[in-house]
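Here are my notes for you to read next to the structure. Keep the viewer open and find each piece as it comes up.

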Amino acid sequence: MEKDQLHKALRTITPMNEILEHAEVVALLHTIGKPLLMDILTQVIGEYRQQLHTDSLFTESMSLLDRQKITTYLIEKIKSKISEEKNTGLKKVINATGIVLHTNLGRAPLPYEAIVQIHKVNEGYSNLEFDLESGHRGSRHAHIEPLITRLTGAESAMVVNNNAAAVFLSLNTLANQGEVIVSRGQLVEIGGSFRIPDIISSSGCTMIEVGTTNKTKDKDYAQALSENTAVLLKVHTSNYKISGFTAEVSRQDLVGLGREKDVLVMEDLGSGCLYDLTQIGLPYEPTVQEVIASGVDLVTFSGDKLLGGPQVGVIVGKKALIDKIKKNPLARIVRCDKSSIAALTAVLTIYLNPEKAVEQIPALNMLDLSQEDLLLRAQELDRQLLAVLGDRCQTEIVDVEDEAGGGSLPDVLLKGKAISLTIEGLSANELQILLRKATTPIIGRIHKDKVLLNVRTILATEFPVITQTLQGIVG
Ligand SMILES: *Cc1c(COP(=O)(O)O)cnc(C)c1O
């Protein structure tokens, strides 16, 4: 009996050419093209045969269908495979986590001006390495160097792919074969396997650790100095805090020691801040201009952390050192692309007028949002949800704790607001998954068995997308 059903079902499979002639499939062919369609069709028929052989219940129900119904079934499968296929790759998501610089969600959102600039230099050509003055070959650093030096007070600057590359390239150029002295309290690991000891050794230097985890003193550095010392390295402990019985050598003292012993002082600042964060009620973070003013020879920092720009690493400092770094053959390997240069130019231009920075740079703007601003936002989203979904979705505005993220401001919890969602018949877990798998994925957190949408990181333009998605979910 089962054998008969299997044979019948196998015989009824629509032949490929017949499927291909079906009007719906012809339409698909025009949109996705023949190679992909043939691939998917072969796969769908293969999987269908496989299932007939292994799933007798399925075979039984399929053996009752005629050719036309089978064709319809297979075409539905093809369509869902195509939408799966389209659902991969890098795409926009809505960040409802309240973590402003979420490393897994692409860190800093860019200001509008930066996006316009990226568009302009990509739709046609640009003077990326062309000097419009002389008509000769130019340097990609030339576009941003004057801006960075103006903003930071440094003699010279260059940009690379990210801050990890900036640290690596700087050490490789200035301390290869030499010793790099660093405090045991500053042996930082950033997510994604960036570890200071590993970066130092892979850049060809020998790490000399001094002090202890909680205390490092002037004399620890002084005693470790030798004729092989190339760099005194200070690393910003950007993603953790050591508190209690602690001591650290001040930047001034380190610079003093470097001068006295004729050794370079370099600082990996991590999140490079150009804006004094205390002005928006956040704890003090050293700004790049302050670090340069204190006499540090070379400073490196990220573009997409507290700066609020694109993924780049910026190296600023003494001209003689930067000139040397620019000539390192490895500089070519870690150079940054025209889109990042375009975006960074736009972001730095905003910083020229610091009064506009918080308004125009989304990351700073999100960090600055007050409880009242957030409540208004949450109420607006709540209103839109209610208007579209009625009581099919229960909402409540709740207090939450947001974070800066990106390994910045580790001990700062920002008071935030979220919409807590409940949909009858769905667990928090199931709802979280449906939101994550939506056409425009919505990434939210679960707290106390509810899905939370923290409004700090949601753009107002995304509210309608959220209501539409939830409408799709409640059906
Ligand atoms: C984030 C960070 C880095 C790495 O920067 P990327 O731009 O992510 O490569 C290096 N050092 C410190 C101290 C950091 O905080």
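1. Let's start with a helix on a sheet: α19 lies across β12 (394-405) and β13, and α19 runs at about 15 degrees to β13. Bear in mind that this is a predicted model. Another helix, α20 (residues 428-436), lies across β13, β14 (442-447) and β15. The direction of α20 makes about 165 degrees with β14.

2. Which strands make up the sheet under these helices, and in what order? Read across, the order is β1-β14-β15-β13-β12-β2, which gives an open sheet of 6 strands with mixed pairing. At the edges stand β1 (94-96) and β2 (99-101); each has a single partner strand, so one side of each has no neighbour in the sheet. From one strand to the next, the twist averages 40 degrees.

3. If "pairing" is a new word for you, here is the idea: strands of a sheet pair through backbone hydrogen bonds, either parallel or antiparallel. Strand β13 (residues 414-422) and strand β15 (residues 450-454) run antiparallel and are joined by 4 bridges. To find a spot in that pair, look for Leu421, whose bridge partner in β15 is Val451.

4. Lys448 is not a glycine, yet its phi is positive, at about 50 degrees. You'll find Lys448 in the loop between β14 and β15. Arg107, also not a glycine, has a positive phi near 50 degrees, and Arg107 sits in the loop between β2 and α7 (112-123).

5. Back to α19, this time with a helix as its neighbour. Two packed helices are described by the angle between their axes and the distance between the axes. For helix α19 (residues 371-389) and helix α21 (residues 463-474), the angle is about 40 degrees and the axes are 10 Å apart. The crossing of α19 past α21 is right-handed. On the α19 side, the contact is made by Arg377, Glu380, Leu381, Gln384, Leu385, Val388 and Leu389. On the α21 side, you'll see Phe463, Pro464, Ile466, Thr467, Leu470, Gln471 and Val474. Sorted by class, this contact has 9 nonpolar, 3 polar and 2 charged residues.

6. Now for the other sheet. How many strands does the sheet that begins with β3 and ends with β7 have? There are 7, in an open sheet with the order β3-β11-β10-β9-β8-β4-β7 and mixed pairing. Here β3 (156-160) and β7 (206-210) are at the edges with a single partner strand each, so one side of each is left without a neighbour in the sheet. The twist in this sheet averages 25 degrees from one strand to the next.

7. For a parallel pair, go to strand β8 (residues 229-235) and strand β9 (residues 264-271), which share 5 bridges. Within that pair, Leu232 has Val265 of β9 as its bridge partner. Helix α8 (residues 145-152) packs on this sheet, where α8 touches β3 and β11 (313-317). The direction of α8 makes about 120 degrees with that of β3. Helix α9 (residues 163-175) packs on the sheet too, touching β3, β4 (179-183), β8, β9, β10 (298-302) and β11. Between the directions of α9 and β10, the angle is about 160 degrees.

8. The largest pocket has a volume of about 690 Å³. There are 21 residues lining this pocket, and the closest to its centre are Lys91, Lys92, Val93, Leu105 and Gly106. The pocket lining divides into 11 nonpolar, 6 polar and 4 charged residues.

Methods:
Residues are numbered from 1 along each chain as its sequence is written. This is a predicted model: local features need pLDDT of at least 70, side-chain atom pairs count only at pLDDT 80 or more; totals for chains, interfaces and linings use all residues. Side-chain values use heavy atoms; hydrogens and water are left out. On a 1 Å grid over the protein atoms alone, a cavity is a set of points where a 1.4 Å probe fits but cannot get out, and a pocket is an open set with protein on both sides within 12 Å along at least five of seven lines; lining residues have an atom within 4 Å of a point. Grid points are joined across faces, edges and corners, and a volume is the space filled by probe spheres set on the points. Ala, Val, Leu, Ile, Met, Phe, Trp, Tyr, Cys and Pro count as nonpolar, Asp, Glu, Lys and Arg as charged, and the others, Gly among them, as polar. Two strands pair if DSSP finds at least two bridges between them. Helices (H or I, at least four residues) and strands (E, at least two) are DSSP runs, numbered from the N terminus. Axes are lines fitted to C-alpha atoms, for helices over the stretch in contact, and angles run from 0 to 180 degrees between N-to-C directions. Contact means heavy atoms within 4.5 Å. A crossing is left-handed if the near helix is turned anticlockwise from the far one by less than a right angle, and right-handed if clockwise.
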